[in-house]
Amino acid sequence: MTPADLVLTPRGIRFRGRSFPCSIGKGGRSTAKREGDGATPVGVHRMVGMLYRADRISAPASWAIPIGPQDLWSDDSKDSRYNQLVTAPYPFSHERLRRADPLYDLVLLTDWNWPNAVPNKGSAIFLHQWRRPGYPTEGCVAFRRDHLRWIAERITPGTRLIIPEV
């Protein structure tokens with residue numbers, strides 16, 4: 001591990017000498033992640049993308065891509081584009097990235113089950129804003145808005161997110 005890694009600890013995520021409180025999945029940590037289990041997958045995951053709502057915030061990094069009104073994330077394991085960014089209208093089950101709430105104003109994409117997704121192994125493991133402190137996610141890692149922004153301004157493609165076993 002290096003200071004440039006995001007490492008989950010009992011106190012939150014440790015990154016670049018700082019510790020940030022965070023929320024993880026309501027299913028806890030899992031070494032056997034499955035679609036819909038609400039768990040955060042154990043392992044070493046790399047940051048592979050950054051999305052943001054350009055109508056709400058400025059780009060936190062030069063490699064960030066604006067979220068468009070039709071942008072979705074496929075979460076249907078029967079879909080050939082499972083665990084991929086797709087565009088509406090879309091016939092398979094999906095999650096809308098342009099939300100009314102601020103949770104996805106800034107989204108850091110991990111390489112969990114990506115780019116060659118295994119059906120039912122889980123999709124959309126993101127770093128995003130939390131609803132409130134301690135409120136669990138569906139498997140993502142969530143932060144206070146300003147902490148997420150601070151992290152996003154300092155990561156690069158390939159930055160590692162390390163989720164150790166308990």
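# Close-up views of a predicted model

View 1. Residues are numbered from 1 along each chain as its sequence is written, and side-chain values use heavy atoms, with hydrogens and water left out. The relative accessible area of Arg56 is 35%, so Arg56 is partly exposed (buried is under 20% relative accessible area, exposed is over 50%, partly exposed is in between; 1.4 Å probe, protein chains only). Apart from neighbours within four places in sequence, Arg56 is in contact with Arg99, Ala100, Asp101, Pro102 and Asp105, where contact means heavy atoms within 4.5 Å. A polar atom of the Arg56 side chain is 3.3 Å from the backbone oxygen of Arg99. Arg56 and Pro102 are 46 residues apart along the chain, and their C-alpha atoms are separated by 8.9 Å.

**View 2. Asp105 and its contacts.** Asp105 belongs to the loop between β11 (94-96) and β12 (106-110). Asp105 counts as buried because its relative accessibility is 3%. Not counting residues up to four places away in sequence, Asp105 touches Leu51, Tyr52, Arg53, Arg56, Ile57 and Arg145. With Arg145 there is a polar contact between the two side chains, at 3.1 Å (a pair of N or O atoms within 3.5 Å; within protein, one must be able to donate a hydrogen and the other to accept it, and residues adjacent in sequence count only if both atoms are side-chain atoms).

**View 3. The sheet of β10, β9 and β11.** Three strands in the order β10-β9-β11 make up an open sheet with antiparallel pairing; two strands pair if DSSP finds at least two bridges between them. β10 (85-87) and β11 are at the edges and have a single partner strand each, so one side of each has no neighbour in the sheet. Strand β9 (residues 71-74) is joined to β10 by three bridges. Asp71 has Thr87 in β10 as its bridge partner.

**View 4. Ser23 and its contacts.** Ser23 is part of strand β4 (residues 22-23). With a relative accessible area of 4%, Ser23 is buried. A polar atom of the Ser23 side chain lies 3.5 Å from the backbone nitrogen of Gly134. Beyond its neighbours within four places in sequence, Ser23 has contacts that include Trp130, Arg132, Gly134, Tyr135 and Cys140.

Note on methods
This is a predicted model: local features need pLDDT of at least 70, side-chain atom pairs count only at pLDDT 80 or more; totals for chains, interfaces and linings use all residues. Helices (H or I, at least four residues) and strands (E, at least two) are DSSP runs, numbered from the N terminus.
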